[in-house]
Amino acid sequence: MQFHHHGYVSGDPRVQNAAGTGIDRPARLPDEVDVLIVGSGPAGMLLAAQMSQFPQLTTRLIEKREGRLSLGQADGIQPRSVETFQAFGFADRITAEAYNIGWMNFWAPDPEHPDRIVRTTRTEDYGYKISEFPHLIVNQARVLDYFAEAAAHGPARIAPDYGVEFLDLEVQGDHVEVRVRTTEGERTIRAKYVAGCDGARSGVRQAIGRTHVGAAARHAWGVMDVLVETDFPDWRIKCAINAAAGNILHIPREGGYLSRMYIDLGEVAEDDDHRVRQTPIDEVIRRANEILHPYSIDVKQVAWHSVYEVGHRVTDQFVDDLDDPRVFLTGDACHTHSAKAGQGMNVSMQDGFNLGWKLGHVLTGLAPVELLRTYDQERRPVAQQLIDFDREWSSLMARKPGEITDPDELATYYLATAEFPSGFGTHYAPSRIVAADAAQELASGFPVGKRFHSVEVVRVCDGNAVHLGHHAKADGRWRLYVFADAEGTALQDWVGAARAVVERFTPEGADLDAVFDAKVVYPGRWEDVVDVPTLFRPQSGPLGLTDLEKVFAAAPSAWTTGDVFAERGIGAEGAVVVVRPDQYVAHVLPLTDPVGLERFLTGAMAEPTAAASR
């Protein structure tokens, strides 16, 4: 963590100095805002945390509840989400309190005694095989707490406006009129942009005339968070249990004692009219014990429970207008599905991450307004992929024993599809912010359109082994990762022209790295790196202090045995990897093509001298 570049810091360095709209932030909801976020769920709170890095803008978040969420329904955290937490500064703290999924066990009927279950397969969880971050279980309410802290500690000092109910909105050309109800009565807020993060029954979605497309699967599940006494041997291991009496997905939770159980309640009749949702908790527990035979659970406390019917729906489009969007839908407001795949909160957060920096760049004049069209273009296909995955996973989980020919099929599917549930299946198509003509062969381990996969390197200034991607914070900046050629001559030729490109798109008077955070990785030993271009050693802050933490080497140190060049398929000719503010690879270029970098950024960025006009 870097601080002191604005002067000596003696307090918590995670609390950034207030700036712009964060100074003397009014308690009362203003009549005019740049961005109005409706709903404080995962997408809304992440979006608020991201917008807090743009204190030039007025961003407010309204929430009908009177205070923080005390009990969240979602709990599964993908490794990709933990990567995102790292960017927002709290991955280590939330990991410490979470449950880490190390294994998944599979149970099925005993062939000799079909009324009893036996363990058939044990697999390692996919988490650490795909990322340096784990697969976690933690209460959604705690995730929201951490994002709320990040939003409150950012320069814009954003905090939810609780007790404010969204009523309706109307798009009026270059702004949106939003009608809300507060303790003072009804009011109208004028916003340049609105983000609907208000859940499956989204009022924002209804107000812009968008509709959910899809249907229910006519299968019900009871879900409960419970504290129990049990003789089931795998109570603290994630389990998929298939029995003659039904199915259970069992997930241990944080704290060492709590567990969540999804219990199969069977098919739902066409004329049920949602009566199954009234199934009493005692019946859900009875079903659980029937499935677990010969084991049992003695439930001491039910922390939370519900009954839901599986549904798979995607909204027809995620914005009010594809060409000139003013209202955006995120999370459950635009995609709903079952909870068993553990995707809802995770995909919702990535919706918010995708949208936040784009709004920030457009409203501050860093990017053209056309950038906002890419939100629907990128996130709607991801939601459809989620629905397709969830439909197949839910169908596999709901099968009866007689429908299963291979007892290892569920475990095989779980591991074979690990990239998607871990959050790494997203692959954005070419656009103004994803290059179509990338020199992918120069850095095969950094696929264009996919998230930047971090790897260990050696920091030259102190010889410490660090993760290259962990230095990238969710501060709205692009990243330029420059992998030097073996001879060093191509790098020297590239730097002069590339610096001119960086300066072209950086506002006058701003730090050299205010928009583009450029880092260099040398292929040799860290001890041998001496002559480093100033692009990678910029002066930052009002004191003009030189930043020494942007220069790295690949050669092993006493603390690491890896080599980023070998691990990510980078040859002796080097490469330039351009990464978006939301951590997705936008381009791969040769060091011999600084013009290609300028050509790409000309489509993604706006001339910084032009003021934001919208």
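**Strands, domains and a threonine**

Q: In which sense do strand E19 (residues 456-459) and E20 pair, and over how many bridges?
A: We're looking at a predicted model here. Strands of a sheet can pair either parallel or antiparallel. The pairing sense is antiparallel, and the count is 3 bridges.

Q: Which strands stand at the edges of the open sheet, each with a single partner strand?
A: The sheet has 7 strands with mixed pairing, in the order E20-E19-E25-E22-E21-E26-E27. A strand with a single partner has one side left without a neighbour in the sheet, so look to the edges: E20 (465-467) and E27 (585-589).

Q: What does the twist average from one strand to the next?
A: Follow the open sheet along its order, E20-E19-E25-E22-E21-E26-E27. Going from one strand to the next, the twist averages 30 degrees.

Q: How far apart do the C-alpha centres of domain 1 and domain 2 lie?
A: Domain 1 covers 20-72 + 139-214 + 314-422, while domain 2 takes in 99-137 + 216-311. Domain 3 is 440-604. Between the C-alpha centres of domain 1 and domain 2, the distance is 29 Å.

Q: Is Thr121 buried or exposed?
A: You'll find Thr121 in strand E6 (residues 117-124). Its relative accessibility is 14%, and the cut-off for buried is under 20%. So Thr121 counts as buried.

Q: What distance separates the C-alpha atoms of Thr121 and Asn105?
A: Thr121 sits in strand E6. Along the chain, Thr121 and Asn105 are 16 residues apart.

Terms used. Residues are numbered from 1 along each chain as its sequence is written. This is a predicted model: local features need pLDDT of at least 70, side-chain atom pairs count only at pLDDT 80 or more; totals for chains, interfaces and linings use all residues. Side-chain values use heavy atoms; hydrogens and water are left out. Two strands pair if DSSP finds at least two bridges between them. Helices (H or I, at least four residues) and strands (E, at least two) are DSSP runs, numbered from the N terminus. Axes are lines fitted to C-alpha atoms, for helices over the stretch in contact, and angles run from 0 to 180 degrees between N-to-C directions. Domain bounds come from an automatic or database domain assignment. Buried means under 20% relative accessible area, exposed over 50%, partly exposed in between (1.4 Å probe, protein chains only).
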